[in-house]
Structures are given as structure tokens and as C-alpha cells.
Amino acid sequence: MTPRVRFAPSPTGYLHVGAARTALYNYLFARHSGGTFILRSDDTDEARGTDEFQEDILEHLRWLGLEWDEGLAIGGPLGSYRQSDRYDRYREVAQDLVERGSAYYSFATAEQLDAFKREAREAGASPAYDGSLEPPAAEVADRLAAGEKAVVRFKVPRPGATEFADVVRGDMRFDHAQVDDFIILRSNGTPTYHLASTVDDVDYDITHVIRGEDLLSSTPKHILLTQAMGGDPATYAHLSLLMGPDGKKLSKRHGDTAMAAYREAGYLPEAMNNYLALLGWNIGDDETIASLDEMIDRFELTTVSRNPAVFDPKKLEWMNGVYIREMNDDEFIAVTVPLVEDAVGRTLSDEDRARYALLVPLVKERTKLLPEVASQARFLFVDIDEYDEKAWSKVMAVDEGPIALDGAIAALENLDPWTTEAIDTALRAMLEERELSARKGFQPIRVAISGSMVSPPLFESLEILGRDEALARIRRARAALS
RNA sequence: GGCCCCGUCGUCUAGAGGCCUAGGACGCCGCCCUCUCAAGGCGGUAGCGUGGGUUCAAAUCCCAUCGGGGCUACCA
């Protein structure tokens, strides 16, 4: 049987990095094994789920390139992949379970349950609810008929235990004394996660459930339910959780967790995938950088780490730089021109674009996050008449400032041809002539043309700027000095 | 509290009794390159939570302990 896996987020929040990693592992496993990757919406929480979240999840999964074979938006042979469309099916299963004695209507109130658990705990017994607060079977029909509200609980076999082999955790055993008779149908008739998720996994022939470790202790419930339905339990693989720098479960208070935030910050999907894959899995051969295809080729669920992993933005950022440097210039231009236009406040003309293209090889290797290109390329497209305060005091308003600027004007005024090489030669000769160090002599020129002490390489920048504009800026700065 | 999971450099990890005076990557530090900033090259810093065992030999096996995390909802 070819593997069938699913990523089943509930739309109660934006796609966050931890969920994205779960999706990625499902995707890698499916592609590696020639299986099917299914995207489902576990949207049984009507109070918290929204269409906006749902859309965000789809959009960012697409952005990451984790294409699914069946499910949301594209459909598939098994009907709807949205649980809210399948309530009738879940009710049918619940009803069937009741009829067969695997589930029962429960009238116990929250207060009664609290008391039950408190007493059990005080008596040193297991606090798991076992249905002992329920009325005799004979009364149930009457109370239901009288309109009394009830939930449906699954009847956990007692005594007993559920054992299973988790692909990443190893052999697991849960004593039923620790497992509540859990609710499968709420009093309003809607299914809970446990029911809906399990029914879907059975109905859609899911072979491997790859999900977060937070669901590990719910697994006995899912296996028990599956068996009661007459299905074969899937193989389970529980991934450790992602942590914040403080070792606590990754959450908003640790900073950005929404994938959208990383996309906006200028991260590349390739870098995101690569980094996320490394959180709990290693490519092998001491390798750190790998394309999606390479990862698909090497991915094994059995080599996934059991340790929780701390999400480290620093390493992600470094990796993003690696991927940016690997982009070809055309790609880089395509994604960064809008960012530059944004910073400059106007649309780039064809001529602007041509000049930007010349600068790209220089800025590309200097950026880790896409939006950084704006500050590097900005000088090409705006007038420089304001200078960074520190730059002005440190390199301009000093003895060497005017000397260097005067020298540059003299050296460049009649330079022919206007090329990086010629500029290089002329300016270095000027250095010698005026007895300036490279640093003291070149920095004022840099500040004059860019307004800042940091810019792409000077000679290239001068060439791309053009003689007239370059000289105008140098003269303007010189004038401002006197 | 109960049940469950986890514990190798600050972080992600390699390591499945001798190959480990513990390897790689990020970070950090230094040097080189150099017109600034990057990139790149070279080098360095730093770790087997603790205590007992088992063994000729333990990061690797066992026990205990400590620490962290998850679950314990009519959330998922």
C-alpha cells in the first residue's frame, strides 16, 4: 500500500513555523515514499476557526512549495477535506458506536466531574473518568426524550492498555486507567477533534499520522476509536515540539511565529524549508544546505530526532543569505525591484532598471534579508543632499575630507573612459598625490555619493552612477563643507 | 499531583561500548583579504545535567536523581 499522509491544521490561527515544519515532514515523507500528501482542515472548533486563518494556511503552504495531492482547494476522490462539511458522517459514526456499546450518552455535569476527579485524586486513584456518574441505561432514553442535554462519550475498555510503536518515539504504552472516557460528540451535536480526526484518518485511508508531540498522549484515544470503528490504526510518528530561546513551547511571546511575518521580512521559502527540516532531522554527511529535492531523496522518518528543538532566527538568517547568493540575477531583480521602488517612492524606469541590474551582483552578496537591498541601492535613484550624521562628523568634517573631495573632482573631471578600472587607477593616483590612506581618501567620496559610510564598492558605484551625477554629488558635498 | 516524552558546545545536530584527547553547522572571538559593509579563507572559544553501577573499556548499557517539555477542555 502506498503511504497516505495528511497535514490537518485547524484554522484557529495563522500558519506558524511549527505547523509548517509538521507539514514539511509530511510532505518529505510522502514524496520520498511515492505516497500521497493530503491537506485537510480540522475545523471543528467553530468558535475559534476563521476563513481568514484557513486562507493564510493555504497561501503559505503554497508559498513554501509544499504542494498537496488531495485536499483543500483541489478536492479529491474522497469528498470534502473540510471537517465542517462532514458532521453527518461523524454523527453517524457516533450513533453507531453508541448502538454497539462502545460509546454512551453522558449527563454528568462539569461540577460532578470536578468532584469526581478531586475525590479520585485524594484517594490516590486515577483521575480518569470512567462513566460511573451516569444514570442506568434504562433512564437514558427517557432523559433524552425529555430534551435533556447530553454529550456522547467513548467508553474506554477497563482495565486495559493501548500499546503502539511510534516511529520516532519507540514503543509506547498507555494504561487505560489514565485515559478518560472522552467526549466524541458535544451536547450541541458537533464532533470533537478526536472523533472527526480519527474518522477522517480511517475514511481517507491515512497510513501514517505524522504530527506534533502534543498529540502523543491522545493517541490511545485515536487507536481505541479506530479499533471500535473496525479500522486499522495508522502508523504514528510524533514530532518533538519547537521551542523558544527560553526552552518553552514556541509562541507569540518569543517573537514572530507566523509564516507571513517571515515572508514579509524577506525570507526565501527555500531557506525556510531547509532550516525547518534541520530542526529535528539531519541531512547526513555533515551537510547543512540542501534543496527540497535533495531532502526528499534522503528523508527518513526513522532518523528524525526526539529532542525538542529551539527555533534560532540567527541560523535561519544566515541560511537565507546563502540562498540569496545562490539566486541568479534575474530572479533577484524580479523579487527586489518592488522593494527598491517602495524605498525610493517611485516606479523604476527602464533606465533605472538597467542601472540597478549593474549593481545587483554587488548588493546580492551583501544581503541576508531581501528588504536590505533598498538601503543599498537607494543612492542610485535619489538625490543625496543629506548625510548620515556620524558619517559627516567622522569622515567629512575632518582634515582629509575636503582634500579627498578636491582630489576626486580633479581626478575624475576629465577621466576617460568612465570605467571601474579607470576610476580605480585615477583615484589611487590621487591618494598618492595627496598623501592619503585608502580609508581616509575614499570614505569621503563614498559619503558624498551615497550619504553613508556603508555602500556597495566605491568604484563600481561611481561607474554606475555616471560621471555627471557622481561629480555633481561630490561637488555638492564639497560645497557643504566650506 | 498523575501519565507520557526529552536531556551531547549558547543553538541545531553527528555519535547506536573501543574509530571520541567528542565531528559538522549557526553564533561569538581573532587573523587574512580589503575603498566601507558584506562575502570568502584560516584559526579559536564552547558540550556528553548529576550520582552510582556493569565492563579491560561508556556520550553510548542499567539504576537513581535532577532539570525541561507535553497532556490532564463540550481546544486542537
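Predicted model: local features only at pLDDT ≥ 70, side-chain atom pairs only at ≥ 80, totals over all residues.

Reader: Start with the RNA. How many residues surround RNA strand B, and which are the closest?
Author: RNA strand B is surrounded by 63 residues, and the closest are Arg169, Arg186, Lys248, Glu365 and Arg446. A residue is near a strand if one of its heavy atoms lies within 4 Å of it.

Reader: How do the residues of that surface divide?
Author: The surface near RNA strand B has 23 nonpolar, 16 polar and 24 charged residues. Ala, Val, Leu, Ile, Met, Phe, Trp, Tyr, Cys and Pro count as nonpolar, Asp, Glu, Lys and Arg as charged, and the others, Gly among them, as polar.

Reader: On the RNA side, what do the atoms within 4 Å of the protein belong to?
Author: Sugar or phosphate accounts for 74% of those RNA strand B atoms, and bases for the rest.

Reader: Which polar backbone atoms have a phosphate oxygen of RNA strand B at 3.1 Å or 3.0 Å?
Author: At 3.1 Å the backbone atom belongs to Tyr193, and at 3.0 Å to Gly280. There is also a side-chain case: an N or O atom of Asp45 is 2.5 Å from a sugar or linking oxygen of RNA strand B. The elements that give two or more residues to this surface include helix 4 (110-122), strand 7 (170-175), helix 6 (193-203) and helix 18 (438-450). Helices (H or I, at least four residues) and strands (E, at least two) are DSSP runs, numbered from the N terminus.

Reader: Which helix gives the largest share?
Author: Helix 18 does, with 5 residues.

Reader: What does helix 18 meet in helix 16?
Author: Lys440, Gly441, Pro444, Ile445 and Ala448 of helix 18 meet Glu400, Gly401, Ala404, Leu405 and Ala408 of helix 16; contact means heavy atoms within 4.5 Å. This contact divides into 6 nonpolar, 2 polar and 2 charged residues.

Reader: And at what angle do the axes of helix 16 and helix 18 cross?
Author: Roughly 75 degrees, with the axes coming within 8 Å. Axes are lines fitted to C-alpha atoms, for helices over the stretch in contact, and angles run from 0 to 180 degrees between N-to-C directions. Helix 16 and helix 18 are therefore roughly perpendicular. For the labels, angles under 35 degrees count as roughly parallel, over 145 as roughly antiparallel, 65 to 115 as roughly perpendicular and the rest as oblique.

Reader: What about helix 16 and helix 17?
Author: The axes of helix 16 (residues 400-413) and helix 17 (residues 420-434) come within 9 Å and cross at roughly 135 degrees, so the two helices are oblique to each other. Residues in their contact include Ile403, Gly407 and Leu412 of helix 16 and Ile423, Met430 and Arg434 of helix 17. That contact divides into 10 nonpolar, 1 polar and 2 charged residues.

Reader: What lies in the loop between helix 16 and helix 17?
Author: Pro417 has its place there. A cis peptide bond joins Asp416 and Pro417, with omega about 0 degrees.

Reader: Where is Pro159?
Author: Pro159 is in the loop between strand 5 (151-154) and strand 6 (161-166). The bond from Arg158 to Pro159 is cis, and its omega is near -10 degrees.

Reader: Which residue has a positive phi although not a glycine?
Author: Ala73, at about 70 degrees. Ala73 sits in the loop between strand 3 (70-71) and helix 3 (87-99). Most residues other than glycine have a negative phi, and most peptide bonds are trans.

Note on methods
Residues numbered from 1 in each chain as written. Chains lettered and ligands numbered in written order. Heavy atoms only, no water. Polar contact = N/O pair within 3.5 Å; in protein donor to acceptor, adjacent residues only side chain to side chain.
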